[in-house]
Amino acid sequence: MAEIVGPRLYSCCNCRNQVALHDDVISKSFQGRHGRAFLFSHAMNIMVGPKEDRQLMTGLHTVADVYCSDCREVLGWKYERAYEETQKYKEGKFILEKSKIVKENW
């Protein structure tokens, strides 16, 4: 008999609050503040901070830091606006830093 397995998840490294689904990973080749990061189409159980303009490696973006809703750990950021046409696909998406999340149900 096959074992029934739930969805593969990513959780906050600090408190294990579930923050994203593996199925929502768009790319694993992003750079965060502290190393590698993943781009997600959705995130859950997070809080979004105030918007601010930041000069990132790919140009100017309006971003908002995202925090774990349980322990308030900064996990990454949300792209609110991209000013360059080639970066528009990031709008509304989330960067979660690899060092801030752990795999669950793998």
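Tyr-10, Phe-38, Phe-40 and Trp-106 are joined by ring pairs into a cluster. The model is predicted: local features require pLDDT of at least 70, side-chain atom pairs count only at pLDDT 80 or more, and totals for chains, interfaces and linings use all residues. Residues are numbered from 1 along each chain as its sequence is written, and side-chain values use heavy atoms, with hydrogens and water left out.

**Aromatic pairs**
- There are five aromatic pairs in the structure; rings of Phe, Tyr and Trp (its six-membered ring) pair if their centres lie within 6.5 Å, and planes under 30 degrees apart count as stacked, over 60 as edge-to-face and the rest as tilted.
- The ring centres of Tyr-10 and Phe-40 lie 5.5 Å apart with the planes at 80°, so this pair is edge-to-face.
- This pair links distant parts of the chain, with Tyr-10 in strand β1 (residues 9–12) and Phe-40 in strand β4 (residues 35–40), 30 residues apart; strands are DSSP runs (E, at least two residues), numbered from the N terminus.
- For Phe-38 and Phe-40, the centres are 6.4 Å apart and the planes at 50°, so the pair is tilted.

**Burial**
- Tyr-10 and Phe-40 are both buried, meaning under 20% relative accessible area (1.4 Å probe, protein chains only).
- Phe-40 has a relative accessibility of 0%.
- Phe-38 is buried as well, at a relative accessible area of 5%.

**Charges over rings**
- Arg-8 has its charged end over the ring of Trp-106, 4.3 Å from the ring centre; the criterion is NZ of Lys or CZ of Arg within 6 Å of the ring centre and within 35 degrees of the ring normal.
- Lys-28 has its charged end over the ring of Phe-38, 5.5 Å from the ring centre.

Technical notes. Helices (H or I, at least four residues) and strands (E, at least two) are DSSP runs, numbered from the N terminus. Buried means under 20% relative accessible area, exposed over 50%, partly exposed in between (1.4 Å probe, protein chains only).
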